[in-house]
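Student: I have a structure open here and would like to talk it through with you. Can we start with the charged side chains?

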Amino acid sequence: PSGYGEPQGVLSLRIAIADYVRRSRSVHCEPEQIVITPGIQQALYICSQILFETKDEVWIEDPAYRGTTAIFEHAVKNIRTVRVPVDE
């Protein structure tokens, strides 16, 4: 063994999450589809790398947490970030 854990997170936790969302939210997923991250910024970064392509448009509420907007602004080159006012 390498000494590192599973890259997607502990399997027993992913099984428990899959079971929970299946029962509570009627979301059918497998533990292999779940990735455990240490925080929201890491999760958003991973999603941005998987989902966004050059010249995509991302809408972000304004005001928004700077950590979130920075991820979207720098995740993929030439991505367009649109700030949408939430309220006054």
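Student: How many salt bridges does the structure hold?

Tutor: This is a predicted model, and the structure holds 5 salt bridges. One of them joins Asp-19 to Arg-23, with the closest N and O atoms 3.1 Å apart.

Student: How far apart are Asp-19 and Arg-23 in helix H1?

Tutor: They are 4 residues apart in helix H1, which covers residues 11-25, so about one helical turn separates them. Asp-19 is partly exposed, with a relative accessible area of 32%, whereas Arg-23 is exposed, at 61%.

Student: And which parts of the chain does the pair Arg-80 and Glu-57 link?

Tutor: The side chains of Arg-80 and Glu-57 meet in a salt bridge at 2.4 Å, N to O. That pair links distant parts of the chain, since Arg-80 lies in strand E2 and Glu-57 in strand E1, 23 residues apart. Glu-57 counts as partly exposed, at 42% relative accessibility.

Student: Which residues are linked in a network of salt bridges?

Tutor: Arg-66, Glu-73 and Arg-83 are linked in such a network. Within it, Arg-66 forms a salt bridge with Glu-73, the closest N and O atoms being 2.9 Å apart. Arg-66 is partly exposed, with a relative accessible area of 48%, and Glu-73 is partly exposed too, at 29%.

Student: Back to the strands, then: in which sense do E1 and E2 pair?

Tutor: Strand E1 (residues 57-62) and strand E2 (residues 80-85) pair in the parallel sense, over 6 bridges. Along that pairing, Val-58 stands opposite Thr-81, and Trp-59 stands opposite Val-82.

Student: What do the buried residues of H3 pack against?

Tutor: They pack against H2, E1 and E2, and the buried residues of H3 are Gly-67, Thr-68, Thr-69, Ile-71, Phe-72 and Ala-75.

Student: Take Ile-71: why does that residue count as buried?

Tutor: Ile-71 counts as buried because its relative accessibility is 12%, and the cut-off for buried is under 20%. Not counting residues up to four places away in sequence, Ile-71 touches Gln-41, Leu-44, Tyr-45 and Ser-48.

Student: Changing topic, which residues form the nonpolar patch on the surface?

Tutor: Val-35, Tyr-45, Ile-46, Ile-50 and Leu-51 form that patch, with about 510 Å² of accessible area together. Leu-51 lies in helix H2, residues 40-51, and is exposed, with a relative accessible area of 58%.

How values were computed:
Residues are numbered from 1 along each chain as its sequence is written. This is a predicted model: local features need pLDDT of at least 70, side-chain atom pairs count only at pLDDT 80 or more; totals for chains, interfaces and linings use all residues. Side-chain values use heavy atoms; hydrogens and water are left out. Patches are made of residues with over 30% relative accessible area and no salt bridge: like charges are joined within 9 Å, nonpolar side chains (Val, Leu, Ile, Met, Phe, Trp, Tyr) within 5 Å. Accessible areas come from the Shrake-Rupley method with a 1.4 Å probe; for residues, only the protein chains shown count as cover. A salt bridge is a side-chain nitrogen of Lys or Arg within 4 Å of a carboxyl oxygen of Asp or Glu. Helices (H or I, at least four residues) and strands (E, at least two) are DSSP runs, numbered from the N terminus. Buried means under 20% relative accessible area, exposed over 50%, partly exposed in between (1.4 Å probe, protein chains only). Contact means heavy atoms within 4.5 Å. Two strands pair if DSSP finds at least two bridges between them.
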